[in-house]
Amino acid sequence: LPCPLSQFCQPSGWQLFTERNPPTFFVAVLTDINSERHYCACFTFWEAVESAQPQSHPRNGEGEEEEEEPSSPVQPAQLFAPKSLVLVSRLDHAEVFRNSLGLIYTIYVDGLSVSLENVIGNLLTCTIPITGGAQ
């Protein structure tokens with residue numbers, strides 16, 4: 001993501017957390033240099049991060065290995081990193097944005113056998129009727 005958009009998604013910074021936070025959703029309006037509005041919907045969820053296991057290294061300068069200490073029963077803390085799904089539109093349809101991003105999130109998290117590319121393509125090509133048009 002371009003720097004300003006990544007800061008928009010996580011204004012407090014991209015931090016790791018020791019608990020999985022519930023998903024969040026918000027819409028903000030960004031105005032470009034031509035005073036045109038862009039509605040930015042951001043759906044953020046937290047995913048478990050693989051922790052790096054410490055490597056065993058020789059403890060003395062001669063490269064000889066010493067007897068290993070028994071493994072500790074304490075497990076390293078599980079960490080969670082934020083991931084954001086962002087939808088940018090010139091149209092103001094917050095509920096449609098929430099539902100669309102929620103659908104993508106559900107397919108991703110549940111590991112459904114549906115192609116995300118097809119789902120996103122179908123969402124982008126759907127026809128939205130004009131307000132007050134033929135019914």
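Tyr 108 is partly exposed, with 36% of relative accessible area; buried stands for under 20%, exposed for over 50% and partly exposed for what falls in between, with a 1.4 Å probe and protein chains only. The model is a predicted one, in which local features need pLDDT of at least 70 and side-chain atom pairs count only at pLDDT 80 or more, while totals for chains, interfaces and linings use all residues. Residues are numbered from 1 along each chain as its sequence is written, and side-chain values use heavy atoms, with hydrogens and water left out.

Three strands form an open sheet in the order E1-E2-E3, with antiparallel pairing. E1 and strand E3 (79-89) stand at the edges with a single partner strand each, so one side of each has no neighbour in the sheet. Neighbouring strands are turned by 25° against each other on average, direction ignored; axes here are lines fitted to C-alpha atoms, for helices over the stretch in contact, and angles run from 0 to 180 degrees between N-to-C directions. Helices (H or I, at least four residues) and strands (E, at least two) are DSSP runs numbered from the N terminus, and two strands pair if DSSP finds at least two bridges between them. Strands of a sheet pair through backbone hydrogen bonds, either parallel or antiparallel.

Strand E1 (residues 24-31) is joined to strand E2 (residues 37-49) by 8 bridges, and the two run antiparallel. Within this pairing, Val 29 stands opposite Tyr 39 of E2. The hairpin of E1 and E2 has 5 residues between the strands, and Ser 35 takes a positive phi near 65° there.

Leaving aside residues up to four places away in sequence, Ser 100 touches Leu 87 and Leu 123.

Turning to the aromatic rings, the structure holds 5 aromatic pairs. Rings of Phe, Tyr and Trp (its six-membered ring) pair if their centres lie within 6.5 Å, and planes under 30 degrees apart count as stacked, over 60 as edge-to-face and the rest as tilted. One of the pairs, Phe 17 with Trp 46, is edge-to-face, at 6.0 Å centre to centre and 85° between the planes. This pair links distant parts of the chain, 29 residues apart: Phe 17 is in the loop between helix H1 (3-9) and E1, and Trp 46 in strand E2. Phe 17 is partly exposed at 31%, whereas Trp 46 is buried at 9% relative accessibility. Phe 45 and Tyr 108 form a tilted pair, at 6.0 Å centre to centre and 55° between the planes. Here strand E2 supplies Phe 45 and helix H2 supplies Tyr 108, 63 residues apart. Phe 45 counts as buried because its relative accessibility is 4%. Ring pairs also link Phe 43, Phe 45, Tyr 105 and Tyr 108 into a cluster.

Finally, Glu 117 lies in helix H3 (residues 116-124) and counts as exposed because its relative accessibility is 61%.

Definitions and conventions:
Contact = heavy atoms within 4.5 Å.
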